[in-house]
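Here are my notebook entries from an afternoon of looking things up. Have the model open beside you and follow along.

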Amino acid sequence: MKHLLVTLCVSLLTAFSMVAQDAVVKGRVVDATSNESIPATEIRIEKSTFFAETDDNGLFAITGTDLPQGEQVLIVSKDEYLLQRIPITIQNGNTINLDPILLQLDLTAVEAQIGIISLSDNELNQDEGTSFNISGLLQASRDVFLNAAAFDFSATFFRPRGLDNANGKVLINGIEMNKQFTGRPQWGNWGGLNDVQRNREFSMGLKANEYSFGDIAGTTNIIMRASQYREGGRVSYAMANRSYQGRVMATYNSGMTAEGWAYSVSAARRFGKEGYIDGTLYDANSFFGSVEKKLNDAHSINLTAFYTPNRRGRSTAITQEVKDLKGIRYNPNWGYQDGEIRNSRIREIEEPIITLNHYWNISDNTTLNTNLGYQFGKISNTRIDNGGNRNPFGNYYQRLPSYFLRDQSPTTYDYQQAYFAEQEFRNDGQIDWNSLYGANLNSTTGRSSYVLQEDRNDDNQLSFNSILNTTLAENIELNAAVTYRNLSSENYASIRDLLGGSGVLDQDDFSDTNVDSDLRNPNRIVGVGDRYRYNYELTADVISGFAQAQFKYNTVDFYVGASVAQTNYQRNGLFENGYFEGSRSFGESEKLNFSNFGVKGGLVYKVTGRHLIDFNAGYLTKAPTIRNSFANARQNNDVIDGLTSETIQSADISYIYRSPIVKARLTGYYAGFSDGTDIGFFFTQNALGAEDENAFVQEIVQGIDKRNVGVELGIEAQVLPTVKLKAAATVGQNIFTNNPNLYLAGDDFETGNDIPERGKREVTLENFHVAGGPERAYQIGMEYRDPDFWWVGMTTNYFSNAYVDVSNLRRTEDFALDIDGQPYANYDPEVAKDLLSQEELEDYFLVNIVGGKSWKVKDYYLGFFATINNVLDQEYRTGGFEDSRRSSYAQQLEEQSNSGGPLFGNRYFFGNGTTYYLNVYVRF
């Protein structure tokens, strides 16, 4: 017994001695201005492998007997804060307690992030069908590659991993903002609110997210909560030549008061007669308010509302012929009226959003966040309705030189007419508004031949969700949510301007039988503000839920998650269309129902503190959007034949390296899509099984399979305390992997579509590229941050492997068959192969420069942030598409053999030349 006691005492003394020999470096990191704790701050001992990260309370500790002894330097770093270098002396057996460590806000980094939000907002608000398709990377992430994608790559309509932004989720205060009609977020609804968009939580791909199951392009939650904004104010003014010419913005945040109240207000105005593209006016205001009341330590209620009415002139894609004659800034949508630019295609968005949020800390381990959101208002797009009269646009094909040289052997007279057309187009080429007014005033019927039509979408959407987060054990966290979304949408055309006339007859101007838009109101004369052409309602209900478990251990973190959803759509026709009588167009359609699910999982394996392996995978089904569910909702109740949900598989694996000097990520990714549906609307001369059979059609393509594969690389090195080098690259391939089916619908078909006569036919798309910006992008760059609070950065970016969007109709049997249903007598497969080859756009490189400077004057911070994009003024095409108007073999042979070039050649989107953005600000 005595020996046992001696042994026990020796063991205890030895243990105490070993503990006493540990060196301890611990502390707490707080914001120097607000005194709030700063989580996720990196703490490391310089020139060693020892590091830690602060917890939610800003606390950290580095312990061990093998810490470097003697005089050392502790590095404290956090995004948006100035790096701290703290001299310390480490000795085993001693404890160093640094409480508090005060971090100062790095205004240059904050302003850079706000600037990136500004630039991304600029790119994302271009015309739908162009940069509306880029993936929604709005934030400056710590990830080098995502930084490049958000800032330098976005101007080229680059889409990370080739994904449409309908494959990503954007949330505000936990409420999903993606539109149910298209599946895409409407960025204009919060445009201009740059100051209050800084608080973001982003998860790439299907990685674990506390708010939503997410989607394969990632999830961004913008936190617009009054208590989360830093106390103080900011006033700024920006100048640019991209979309708007000027912007003024002011913001004030109260911080949390002693009485438990917090509020935030922000207002902005963006304006410009035209941006880089001619005739693209910009007129936008933005208003934001948020107020929060902390009821007690367990409950807080936040009310946020914002209203961002904006009006913009639109541009369009142009052919190479038009570009060669007028340049990349040409826009056919405008003309002078009384000496002022007037754009015929104006897009207006007025959709206020209100959110009410309840935050409940049920216990130290469990929170419940319940949110209610309401969105209402309108989206309006104007265009000229020429009522079957001559097209008034300057780039109309019959006004271009190629039209007069369309014969294989043009005459002298043809060349003369082509020259006159060229001169007229070069010298003008815009809409002649006076001639439209003249045509209406001189009309024999007294009615308008030309009117300005407004296409309206008036949405009312109610959203509700409740999000539970609970820690089941020290290393296990559960996330779950239920969500309900209800949409009621009015869709109609109305008369915005009669252009000097007295009214217009609401009938199909291209019909020989005077077909009414509404049989219940025949021969109706409509005026300004009246609904005409089409009028219908859409309703949608979505109920969904998800659950996710996260597990965190010393060497591995992993998660699993699942989701379910039930989606319902219905159309209700308010006009009885003359082509689709009775219930074909009037009243309620059949109710569409889709049941969907998703599963996902992933892990992070910590090989060492510096080397990580990250893997994520998912499988999900998605209901088609409303847009892709009805053949032509503007005319009838017809549902897409054989409509199904889309199936998506996704996987990615990354190697991540983190050291005090170098941070790098190398990722391989895969995304597979099957059973997709897409609808196109266009005019064609090859619709009814014969050449020169003109019709406006809906092209329905079903069973689309696609595959996106590639690699991403991002690396940065802090080679000096003031100098950082960085590089990013992606090499991808986005292709169709099958031959889907196609049929045409429209009012020229007796049954509403051509299935009875032609059946569904195969579209030869396999191995063609999915259009959507460059598949390959490379960047090298550097950044210098001076201790005197100025910084400058430069990047060189190279882009390649971008392709035009191919015509589906050209790649069906319709292309090869003559009117008798037999192949053309002169059909040559080799010639056909050449005619149907997909155009690859040229490679290009862009140099961008960014920089800023800040000063502190008493309690005020002054500074500026500036960028110059495409410094070398490179000319490049960002995308384009084939025209399906003339889609047969004979028509395409004729197009390619025209001596003046094709009448309906590919149309392209061109990138901007050299542009600038300068923002000056005052903080207080």
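**A strand pair.** I looked up Thr319 in this predicted model and found that it stands opposite Arg907 in S45. I then checked how S18 joins strand S45 (residues 907–910): there are 2 bridges, and the strands run antiparallel. Next I traced the whole sheet, which is open, has 3 strands in the order S18-S45-S44 and pairs in an antiparallel way. Its edge strands are S18 (318–319) and S44 (877–881), each pairing on one side only. I also noted a general point for myself: strands of a sheet pair through backbone hydrogen bonds, either parallel or antiparallel.

**A charged residue inside.** Is Asp414 buried or exposed? I found Asp414 buried, yet without a salt bridge. Arg406 is the nearest side chain of opposite charge, and it is 6.5 Å away; a salt bridge would need the charged atoms within 4 Å. I placed Asp414 in helix H6 (residues 412–427). Leaving aside neighbours within four places in sequence, I listed its contacts as Phe404, Leu405 and Asp407.

**A cis bond.** I looked at the peptide bond joining Asp99 and Pro100, and it is cis, with omega about 5°. Pro100 lies in strand S7 (residues 95–103).

**Positive phi.** Where does Asp338 lie? I found Asp338 in the loop between strand S19 (334–337) and strand S20 (340–343). Its phi is positive, about 55°, although Asp338 is not a glycine. Asp338 is exposed, with a relative accessible area of 69%.

I wrote down Phe789 too, another non-glycine residue with a positive phi, near 65°. Phe789 sits in the loop between strand S40 (776–786) and strand S41 (790–800), and it is partly exposed at 39% relative accessible area.

Note on methods:
Residues are numbered from 1 along each chain as its sequence is written. This is a predicted model: local features need pLDDT of at least 70, side-chain atom pairs count only at pLDDT 80 or more; totals for chains, interfaces and linings use all residues. Side-chain values use heavy atoms; hydrogens and water are left out. Helices (H or I, at least four residues) and strands (E, at least two) are DSSP runs, numbered from the N terminus. Buried means under 20% relative accessible area, exposed over 50%, partly exposed in between (1.4 Å probe, protein chains only). Lys and Arg count as positive and Asp and Glu as negative; His and the chain ends are not counted. Contact means heavy atoms within 4.5 Å. Two strands pair if DSSP finds at least two bridges between them.
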